[in-house]
Structures are given as structure tokens and as C-alpha cells.
Amino acid sequence: MLNTILLQVEGFGPLITIGFAIFFIFILFVVLIRRYKRCPSDRILVVYGKVSGGKSAKCIHGGAAFILPVIQDYQFLDLTPISIEVNLVNALSKQNIRVNVPSRFTIGISTEPGVMQNAAERLLGLAQDHIQDLAQEIIFGQLRLVVASMDIEEINSDRDKFLSNISQSVETELRKVGLKLINVNITDIVDESGYIEALGKEAAAHAINAARKSVAEKTRDGSIGEAIAVQDERTQVAAANAQAVEGENTAKIAVANSDSLRRQREAEAERVAVASEKVQTAKALEESYVAEQQAEIVRAEKERSSQMADIIVPAEIDKKKVEIDAEADAERIRRRARGEADAILFKAQAEAKGIFEVLTKQAAGFDEIVKAAGNNPKDAVLLLVADKLPELVKTQAEAIKNIKIDKITVWENGGGKDGKTATSNFISGMYKSVPPLQEMFNMAGMQLPEYLKGKEIDAENEKEEIVKEVKPNKKDKEE
């Protein structure tokens, strides 16, 4: 029997474990739900303990928050308004007159974020009586300051300013502890010396005198109004009579104007009828003229078309033909010019090639001459000049050959020397104007042979001179 029970218990073991787990989860869920706190609209939920932002408490109004177990806790602040009776006695005014200011203040905990935080820090856990006492002390002190800063007349006459000063002063101090001022009610203001009562009597006397003055002014206005009414009656009767006469005259004038207007309109109608008849006649003529004009335009258009077909079209054909011929001539000229340009180019290339060949051959010949002169450029130049010597002499002789002198007049005075006359001197001087051969050789860096200088030498000396002049010596080679 015991074994059977044990077997049955062992069979329900997993079910029991699952049941305990579900029960534990349910208990945990209930605990978590109980830690979720909702804030009513007439309270402030203050969460304190470990809160974010480095603050001492977190204030929530009109919402909800989850309170973490162990590390957080919560309390509520009541937003119910608190009415405080403040009977200020013997408060010293600005004029050193003591007054009594019985009043009633209505306050409550503020829901502004910064002020609400002050309330959480300074009023959390206090009973409503303690909060009331604290507020009453603040109000007493600020009310005395406001009374001390104002005159009796200002306090008594300008209640709005008095209440505004009280509200500003008291509100500033209440916000420091998390409270706000809801309402201020000043029941009455009295003073021990009777100054305010005297001000009231003075005001009453002013009011009575003003009322009497007003009655007298109203009586005077009534008499003046009656006289004005009689005057208006007589004026209006006279004006009515004048208007009646004026109406009769106006009626007569209107009749005359009506007759005149009728005659004017009849004349205008007659004029309009005659003018309309003439206008219609003119329009008929205008329409006929327009029709004739259109017919002429059509005829002119036809004539223009005929002239265009007979004259302009052939002219355009001739113009096109001339343009085509001109383009053909221009193309022919362009091709001829292109051919001539190619011929000139080929000719210039051939001439350049010939000049290149000539210069190449001359360079080769000059190279041979330099080699023949012992690789001395100066001696090579002397050889070239010696080669051109006959031409130089011929050129010098030809300098005055072709001079044409038709007539020479010489004044001979017989004063010649050495048997020379003026005529011979003239011819000799003219010949000397030709550059001497010796100077030409000097400019070329050469020496004129002796036989060309007019000296007599024998054949052997002449041969040696020629070889000496043409063949460079050892010293010139060294140079």
C-alpha cells in the first residue's frame, strides 16, 4: 500500500514542480502590479530613493510610475487648497500710521515642475496644520512689508495695486517652499487714529457737494432748454412758411422746365431722325464703295499674279542659272588656283633641292680648298681671293668705263707743275676715286704682289712673288 502511494506521488512530481513555478510567477506578477502606482489628479506622487538625474525625489502629477522594490519608495502630497485667516494688527505704514488689515488667503501646493520639486523637498511628510502654520508666518511677514511700503491714501483708494503688491510679494516667498497663492481677500482696513475714517468723511462731503452742484446744473439746463425750445418753435414756423412759398415757386419752375425739356426732346428726336436717315444713306454709299474697292483689289491681285508668272518667274529661273554658272566658274577658278599653287610648290621644292645640291657641292669644294691650303682657313680664303683676282681687276677697270661725259669745261691758267695740266689732273683725280687694288687686298687680309704695284722684277722674282703670295708661309700656318 505504501509503495503504491509513493509511486503515485512520484508520478505527480513534475506537475507539482510546474505548479510551484506558476504560483511563484503569479506572486511575482502581483507584487510588480502592486508596485505600479497611479497618481490621482488632486495629488502629487513623490518617488524618492534612487532616482535618475541626480535629484532627491521625482514628482509626478497626473500620471503613473513603477516603484522599484527596496531601492525606491513613494508618498503623496495633497493638492487640496488651504484657507488661512490673517488678521494683521498694528502694521506700520509708510506714514508711520498703524493700521489693521484683516484678510483671508487661499494657498495650495504648486504643480509647476521647479516649485513642485521644492514642495517634495520641504513639505513631504508634514501634516496640513503644519503647512498652514508655515504659510501663515510667511504671509504675515510679507503683508507687513507691503503695508510699510505704501501710504494710507494709496492703500485705501487703490485696492488693486495693494492686492497686486501683496500677491507678488507673498507668491515669491511661498514658491520657495513649494506653495502658490490662489486667492487674496482683504475684508476691511482701519486705523487707530481714525485717519481712514476722516478720509471717508471727506470723500462723502465731496460727493454731497458734487450732487448739489449737479442738481443746480440740471435746473439751469432745464430753464435754458425751455427757452431754446420756444425759440426753435418760432424759427421752425417761419422756416415752414418760407419753405411753402419756395415750394410754390419751385413747382412753377418745374412746370416751365418740363415744357422746355419737352420741346428740347422733340427737337432732338427730329434731329436724330434726320441724322439717322443721312447716316443710312452714307452707309449705303460706303458699302458700295467697299464692294468696288474689293473688286479692284481682286483685279489687282489677278494682274499681279499674271505679271509674276510672265516676268518674275522667268527672272528667277535666269537668276538660278546665273548662280549655277557662277558657282561652276568659281569652282573652276578654285581648281586652277589649286593646280597653280601645287606647281609653285613643286617648283620651289625643286629650286630648293637644286640650291641644296649647289651649296653641298660648294661646301665639298671649299673643304677640298681648305685641305689644299694645309687645313688653314685663312690660307684657303687667300686662294679663293687669288682665284677671283682677274675679275676684281676687271671690275676696277670697268668702274669708270661707262661714265658718259658729254662736255667738260676746264679753266686753264697755265700754272701746272711737272708738265701736268688741269685737264690731266681732273682725269687722274677721277680715276683715283676708284678704290685702289692694294686697299682691297688689305681689307681681304692679303698683300698685293710687287709686279701689280708697278715695280719691275724679273721672271724668276715674279714667279717667287706669286708663289710667296699665294702659298702661305710657315708662320701663317702656325697662326
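The legends below describe close-up views of a predicted model of one protein chain.

**View 1. The chain as a whole, with 13 helices and nine strands.** In this predicted model, buried residues make up 16% of the 479 residues of the protein chain. The chain exposes about 35700 Å², of which carbon and sulfur atoms supply 58%. Among the contacts with a separation of 6 or more, 64% are between residues 24 or more positions apart.

**View 2. The open sheet of three strands, in the order 3-2-5.** The pairing within this sheet is antiparallel, and strand 3 and strand 5 are the edge strands, each pairing on one side only. Neighbouring strands of the sheet are turned by 25 degrees against each other on average, with direction ignored. Strand 2 (residues 43-49) is joined to strand 5 (residues 72-78) by seven bridges, whereas four bridges join strand 2 to strand 3. Val46 has a bridge partner in strand 5, namely Gln75, and another in strand 3, namely Cys59. Leu45 has Ile60 as its bridge partner in strand 3. In general, strands of a sheet pair through backbone hydrogen bonds, either parallel or antiparallel.

**View 3. Helix 3 (residues 113-122) lying across strand 2, strand 3 and strand 5.** The helix runs at about 125 degrees to strand 3. Within helix 3, the residues Val115, Met116, Gln117, Ala119 and Ala120 are buried. The cover over these buried residues includes strand 2, strand 3 and strand 5, and also strand 7 (98-109), helix 6 (159-175) and strand 8 (179-186). Elsewhere in the view, Glu121 forms a salt bridge with Arg122, the closest N and O atoms being 3.9 Å apart. Glu121 counts as partly exposed because its relative accessible area is 44%, and Arg122 is likewise partly exposed, with a relative accessible area of 45%.

**View 4. The salt bridge between Arg175 and Glu112.** The side chains of Arg175 and Glu112 meet with an N to O distance of 3.1 Å. Arg175 lies in helix 6 and Glu112 in the loop between strand 7 and helix 3, so the pair ties together parts of the chain that are 63 residues apart in sequence. Arg175 counts as partly exposed, at 31% relative accessibility, and Glu112 is partly exposed too, with a relative accessible area of 38%.

View 5. An α-helix has 3.6 residues a turn, so residues three or four places apart point the same way. Arg271 is partly exposed, with a relative accessible area of 48%, as is Glu268, for which the value is 38%. Salt bridges that share partners also join Glu331, Arg334 and Arg335 into one network. The count of salt bridges comes to twelve.

View 6. The C-alpha atoms of Gly63 and Cys39 are separated by 5.4 Å, although the two residues are 24 residues apart along the chain. At 28% relative accessibility, Gly63 counts as partly exposed.

**View 7. A nonpolar surface patch of about 900 Å².** The patch is made by Phe24, Ile25, Leu28, Leu32, Tyr36, Phe66, Leu68, Val70 and Ile71. Helix 2 (residues 13-34) gives the most to this patch, with four residues. Tyr36 lies in strand 1 (residues 36-38) and counts as partly exposed, at 41% relative accessibility. Val70, which is placed in the loop between strand 4 and strand 5, counts as exposed because its relative accessibility is 85%.

**View 8. Positive phi angles at Val70 and Asn90.** Most residues other than glycine have a negative phi. Val70 is not a glycine, yet has a positive phi of about 75 degrees. Asn90, also not a glycine, has a positive phi of about 55 degrees. Asn90 lies in strand 6 (residues 82-92) and, at 29% relative accessibility, counts as partly exposed.

How values were computed: Residues are numbered from 1 along each chain as its sequence is written. This is a predicted model: local features need pLDDT of at least 70, side-chain atom pairs count only at pLDDT 80 or more; totals for chains, interfaces and linings use all residues. Side-chain values use heavy atoms; hydrogens and water are left out. Buried means under 20% relative accessible area, exposed over 50%, partly exposed in between (1.4 Å probe, protein chains only). Patches are made of residues with over 30% relative accessible area and no salt bridge: like charges are joined within 9 Å, nonpolar side chains (Val, Leu, Ile, Met, Phe, Trp, Tyr) within 5 Å. Accessible areas come from the Shrake-Rupley method with a 1.4 Å probe; for residues, only the protein chains shown count as cover. A salt bridge is a side-chain nitrogen of Lys or Arg within 4 Å of a carboxyl oxygen of Asp or Glu. Helices (H or I, at least four residues) and strands (E, at least two) are DSSP runs, numbered from the N terminus. Two strands pair if DSSP finds at least two bridges between them. Axes are lines fitted to C-alpha atoms, for helices over the stretch in contact, and angles run from 0 to 180 degrees between N-to-C directions. Contact means heavy atoms within 4.5 Å.
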